[in-house]
Amino acid sequence: MTRKRSRLLLYLPLVAVAIFYLIPVYVMLVTGLKGFEEVNLKTMWDLPNGIQFDNFIEAYNKLAPHLWNSINMVLPAAVISSILGSLNGYVLAKWKFKGADIIFPLILFGMFIPYQSILIPLVEFMKTINLYGGLPGLVLTHVIYGIPITTLTFRNYYATIPKELVEAAKIDGAGMMGVYWNILLPISIPSFVVVLIWQFTQAWNDFLFAVVLTSPSNWPITVALNNMAGSQIVAWNVQMAGSFLTALPTLLVYIFLGRYFLRGMMAGALKG
Amino acid sequence: MRSKKENWQAFLLVLPSILAVAVFVYGFIAWSGRVSLSKWKGLTPDYTWTGLSNYVELFHDPRFAIDVRNTLIFTVIFVFGSLVLGLLLSLLLDTGLRGEGIFRSIFLFPMAISYIVTGVVWRWLMNPATGTRISGLNLLFDKLGLDFLINQWHTTPYWGIAAIALPAVWQMSGYCMAIYLAGLRAIPDELREAARVDGASEFQILTGIVLPLLRPVTLSVMIILGHMSLKVFDLIVAVAGKQLPLDVPALYMWQATFDGLFYGRGAAIGILLLLSVAVLIIPYLFYSLRSEPEL
């Protein structure tokens, strides 16, 4: 057996698994691109006769307000929790105060908790401060429960910056914020990209917080899609197109910024 | 040297986050704990002390027994399936074949997608209809002559929950692959080379050197996936809605609280979920943070 042929054999399982991964995408796309008259569960695996956008238009009409809710909620949530994470990470990596070693794991634990264990108080609290039902409450929730992962990612990044860099700046008279602003922030851009797209993806894909905290007109797209899928009125082909629309923003981020996405994912595994 | 003032400044900078986490994580957990010890049932909060009775009721609750069983089945299939598939893919990709980047991207993209999207699409793929109304994967199996694979998926009596693990594996095995690949790349080539010089076969190198070195990675991935499977909620809701045979604790908590207004019971389920996750995560956190080099 030649080495070349054994190499080719390696591709067999890889291609088989790749097909398994792409099946749902195939179904979403071919169904979405069929015309209404062509849609039939029996021919769901067949390619469309011609490309039509009926399903996408119908799904967009149903989901558009919720798409905008998602966008309006996700952007501030991602930006604010990234800024907080950066400041926290900076302090916990370079200005460890007394007790920082205890506080850090206590913060980290927050990213693993099952949210069912805080859901009732969260709802009651949001009602009390009058943020229940709307998007600002959801933004606040994502920001706060995003603190652990954003802090972790930035801390791990800042930990790789040599101490000498910070010390030199201090000798030159820079204070804590001066060092952050002039030295660390400018070299944090890649980390900001990692954390921003990670938080963007997390908040966009969230269902639990959204369904419990927002009223129907403020539903983000995941809740609206689930509601659409659960109803008997909306045809399955429109559901498929709606699923694709819901997945599209995070998929685009993944396709164009995959490298950063991967780094965010690895940070979640602590030591990876 | 650091001055006292700087110490305070550092502390003040992180104080808002510390307070937020203290309230939203620990304060709310305590609050949930208190609710779980109360009689609260209905729309108005009622903190009348009732001891552990909500927990005792759960232990005698047949529905909760179904939840525990479903969680166990789901966890075993989901964690084991993702680990094996992830390890296999990483070993294949680590051979340095061409197109590695493309394969890696294909295996990882489900990570970027919401469980709701996954669930809605798989709900149609796992359409249990047979006969003239056959569709989804069953239809594909029929067309490919793989009729023995046709099944009722998540509507299979008793084992339906196992079918839910399939989309979960679809979503998370790429994650396992990525972590394993990072682990494999961290193994120095010299180790394998030396073994080869000593006449070890590739299989011996795999079982004798590579797999043992990957053990810590396996443990981390198991813990991460295990805690995810304890929390599974979105995926089940999107595939099947809220059905008793596919019930899990997170779903029961939801229905008990927000549909049934049994707040005390809902909180008790939440706390039990938290405890089960804590058993996995706290040792993991200690281990991870202690073994990291001093900053």
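The model is predicted.

**Where the chains meet**

Chain A and chain B share an interface. In chain A, 95 residues are in contact with 101 residues of chain B. The size of an interface is often given as the accessible area lost when the parts come together. Here chain A and chain B bury about 8800 Å² between them. Of that area, 77% is on carbon and sulfur atoms.

Polar links are also present. Between chain A and chain B, 18 residue pairs are in polar contact, both residues of each pair being at pLDDT 80 or more. Helix 1 of chain A, residues 3–32, supplies the largest share of the side of chain A that touches chain B, with 16 residues. By residue type, that side of chain A has 69 nonpolar, 15 polar and 11 charged residues.

**Salt bridges**

Side chains of opposite charge can pair when their charged atoms come close. Over all chains, the count is 11 salt bridges. Between chain A and chain B, the count is one. That bridge joins the side chains of Lys143(B) and Asp46(A). Another salt bridge lies within chain A, between Lys62(A) and Glu58(A). Both of these residues belong to helix 2 of chain A, residues 54–94. Lys62(A) and Glu58(A) are four residues apart, about one turn of the helix.

| Lys residue | Partner | N to O distance |
|---|---|---|
| Lys143(B) | Asp46(A) | 3.2 Å |
| Lys62(A) | Glu58(A) | 3.0 Å |

**The cavity**

How many cavities of 30 Å³ or more does a search of the whole structure find? The search finds one. The largest cavity holds about 1100 Å³ of space. Its lining has 39 residues. Closest to the centre are Tyr115(A), Gln202(A), Tyr115(B), Met228(B) and Lys231(B).

Which helix gives the most to the lining of the largest cavity? Helix 8 of chain A does, with five residues. By type, the lining of the largest cavity divides into 25 nonpolar, 11 polar and three charged residues.

Methods:
Residues numbered from 1 in each chain as written. Chains lettered and ligands numbered in written order. Predicted model: local features only at pLDDT ≥ 70, side-chain atom pairs only at ≥ 80, totals over all residues. Heavy atoms only, no water. 1 Å grid on protein atoms, 1.4 Å probe; cavity = no way out; pocket = protein on both sides within 12 Å on 5 of 7 lines; lining within 4 Å. Points joined across faces, edges and corners; volume = space filled by probe spheres on them. Helix = DSSP H or I, 4+ residues; strand = E, 2+ residues; numbered from the N terminus. Nonpolar A, V, L, I, M, F, W, Y, C, P; charged D, E, K, R; others polar. Contact = heavy atoms within 4.5 Å. Buried area = accessible area lost by both parts, 1.4 Å probe. Salt bridge = Lys/Arg side-chain N within 4 Å of Asp/Glu carboxyl O. Polar contact = N/O pair within 3.5 Å; in protein donor to acceptor, adjacent residues only side chain to side chain.
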